[in-house]
Each structure stands twice: as C-alpha cells, then as structure tokens.
Amino acid sequence: MGSSSKDDAGSDGETSSGDAPPSNSGVFSEGERVLAYHGPRIYEAKVQKAELRKKEWRYFVHYLGWNKNWDEWIGPDRLLKHTEENVMKQQALENKQGVDKTSKLGRSAQTKPKSSTDAKADKEDQKNNVGKGKKRKSDSGIEKDNLSAEKLVKIQIPSTLKKQLVDDWEFVTQQDKLVKLPRSPNVDEILTKYLEYRSKKDGMMTDSIGEILKGIRCYFDKALPVMLLYKKERQQYYSSVENDTSPSTIYGAEHLLRLFVKLPELLAYVNIEEETLTRMQQKLLDFLKFLQKNQSTFFLSAYDGSKGSEGKGKGKDE
C-alpha cells in the first residue's frame, strides 16, 4: 500500500523538483486537499503543515469531516494527490472494505501495523507537539544533523495568497491553462516596486532590504527551471526563456509566490546566524504582505487556455 501511494504522489500534478534534496520535496503543499491512508482505508484530508525532518518531509493533516483530535503528522507514503483516478481508488477500497461511514475514523477496521521507521517518526512528532526541552549533549553528532531541519525559516504565507496558490495549481494542472508570458509586472519590477515602497515608508533605502531582494531574484532565476514549474509549463519555458534571458524578467507574481513555498527548504542549506535568520524572516513576511496588499494588481485572475495542452507539457519534460 505504501509503495502504490508513492507512485501516485509523483503524478502529473506535482511541481518538478529537479536535483533539489530531498526527493519528496514539493509533492504536497500546505493548504492542499489530498487523500490520506488511515489504517486500510483512504480519507479526504487537507495538509495543514509541511516540515522537513532529517531530510524527509512530514505532513500534518486534518481529515475532512472528522474531529480535530484525529489530526496527525504522517509521511508522504500515506498521501495521494486528489485526482479522479485516486478518488476511484478510494471508492474501490471502500467497496472492498465495506465501510461503515457512521463509524469513527480508523476504529472500525484493523489498525495498520507501523514499521520501525513510522514508530520513530511518531515518537519525534509527539516530542514536537508536546514542546521542546533542553537536549542532552551528545558525541554522536545526531543533534548537529537535525540542526538544518530545526532551523528551517518559518514563512507564514497569508491566507489569501494560499488560496492564490491553490487556484494557480487548479488552473495549470486541472484546467490545462498557463500564465500568459511575458508577465507585467514581472518579478524584477515587483521587487523594484517593493524597494520603492519600503524606501518611501522608512524615509531611506536600507542595504539589508536591497541585499534580500537581490537574493530573492537570484533564488528565483536559479530555482524556476528546476523546482518552480509544473510539467505542463515546461514547453512554454523553453519557448519563452532564450539564451541569457533571466526568468525574473519574463515571469510574474504567480511563479514568485511558488518560490516562497520552497524557500524554507532552500535556506536550510545555507549557513546563517540565528539573529540574521530572524530578521530575514520578518522581512520576507513583510514582502508577502506587500504582495497581498497588491494582489489584484500583481496576480492574474484567469490564465490563458490556448497553450496549456497536456501533451506539449509532457513531451518536453520527458
């Protein structure tokens, strides 16, 4: 059961992650509606949180229609994309199990036995939910290995922008529509507008904000072809970005917002002091609020359906 769900998780709806570690990054995002195994059955659920732990992604899910007491941290092997094919799989499994829908979640059937890996992960989840105490010093170096996961930058994406991400996914993967390129304003122009906004508000231009914006532009240009495109968008990318053209001059807010989903993972591999990390986190949040404030101006309300054919996207990606 675990292996089949992994195969389904790599379906056409996911954002390509290229060579970026870990292998399961970006398969499921916060706010995404999914299907989740609980015992021998599959339930509709929603991903509330996603965290990178020991180079593996863990997802905190809420089972739709069930009490929050059933919310839990699970691995990607228990999640499926919410596609028509997987819904049919869910229904077939329900028919096979003879589901009693009035029974409580997971209690009417035999509990799925946990592997040693799941048991360890559950222990870790329990520790995180209870609260973090002081860790004992260890000579094994294990604590040091966990540092990058624990120091992930927490980027709280505003709820209206989360909905924007869901709509973005829906347009591209479900409706075969693409963002019409080149975008105006593009990423470069949005970053410039934000710099002007901060300078006017603060009465001066600070070097730290300028450096962070340069970093965002650099990350965007490097990450876009590797991990910010859906498969159906690749043909468009190859047609639109030629020679030494920077993606930040072609793409707009829609793809820039996707970067903020990936940033915690990318920054985990950068050696940054904790104080600097905290300041950066505050500035990134301020930038997201700026995007939210200008959402109607920066983001498209509808995508172009003329080039979003599945065949084109797949052919180039393969």
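Strands β1 and β2 form a hairpin with two residues between them, and G39 in the turn has a positive phi of about 65°. Helices and strands are taken here as DSSP runs (H or I of at least four residues for helices, E of at least two for strands), numbered from the N terminus. The model is predicted, and local features need pLDDT of at least 70, side-chain atom pairs count only at pLDDT 80 or more, and totals for chains, interfaces and linings use all residues. Residues are numbered from 1 along each chain as its sequence is written, and side-chain values use heavy atoms, with hydrogens and water left out.

Two strands are regarded as paired if DSSP finds at least two bridges between them. Strand β1 is joined to β2 (residues 41–53) by six bridges, and the two run antiparallel. Within this pairing, R33 has K46 of β2 as its bridge partner. Strand β1 is also joined to β5, again in antiparallel fashion, through three bridges; here A36 stands opposite L79 of β5. Five of the six residues of β1 are buried, so this strand is largely enclosed by the rest of the structure. Burial refers to relative accessible area: under 20% is buried, over 50% exposed, and values in between partly exposed (1.4 Å probe, protein chains only).

The structure holds 12 salt bridges, each defined as a side-chain nitrogen of Lys or Arg within 4 Å of a carboxyl oxygen of Asp or Glu. Side chains of opposite charge can pair when their charged atoms come close. One of these bridges joins K81 to E32, with the closest N and O atoms 2.7 Å apart. This pair links distant parts of the chain, since K81 lies in strand β5 (residues 79–81) and E32 in the loop between α1 (2–9) and β1 (33–38), 49 residues apart. K81 is buried at a relative accessible area of 3%, and E32 also counts as buried, at 10%.

A further salt bridge is formed by K232 and D176, whose closest N and O atoms are 2.6 Å apart. This pair, too, links distant parts of the chain: K232 is in the loop between α8 (207–227) and α9 (234–240), D176 is in the loop between α6 (159–174) and α7 (187–202), and 56 residues separate them. K232 counts as buried at 5% relative accessibility, whereas D176 is partly exposed at 24%. The salt bridge between K214 and E211 has its closest N and O atoms 3.9 Å apart. Because these two residues are three apart in helix α8, K214 and E211 are separated by about one helical turn.

A search of the whole structure identified one cavity of 30 Å³ or more, with about 40 Å³ of space in the largest cavity. A cavity is a set of points, on a 1 Å grid over the protein atoms alone, where a 1.4 Å probe fits but cannot get out, and lining residues have an atom within 4 Å of a point. Grid points are joined across faces, edges and corners, and the volume is the space filled by probe spheres set on the points. The lining of the largest cavity consists of Y194, I209, I212, L213, I216, K283, L284 and F287. The elements giving two or more residues to this lining are α8 and α11 (274–293), and α8 gives the most, with four residues. Seven lining residues are nonpolar, none is polar and one is charged, where Ala, Val, Leu, Ile, Met, Phe, Trp, Tyr, Cys and Pro count as nonpolar, Asp, Glu, Lys and Arg as charged, and the others, Gly among them, as polar.

The structure also holds 14 aromatic pairs. Rings of Phe, Tyr and Trp (its six-membered ring) pair if their centres lie within 6.5 Å, with planes under 30 degrees apart counted as stacked, over 60 as edge-to-face and the rest as tilted. F287 and F290 form a tilted pair, at 6.4 Å centre to centre and 35° between the planes. Being three residues apart in helix α11, F287 and F290 are separated by about one helical turn. F287 is buried at 1% relative accessibility, and F290 counts as buried at 7%. Y194, Y197, F260, F287, F290 and F298 form one aromatic cluster.

How values were computed. On a 1 Å grid over the protein atoms alone, a cavity is a set of points where a 1.4 Å probe fits but cannot get out, and a pocket is an open set with protein on both sides within 12 Å along at least five of seven lines; lining residues have an atom within 4 Å of a point.
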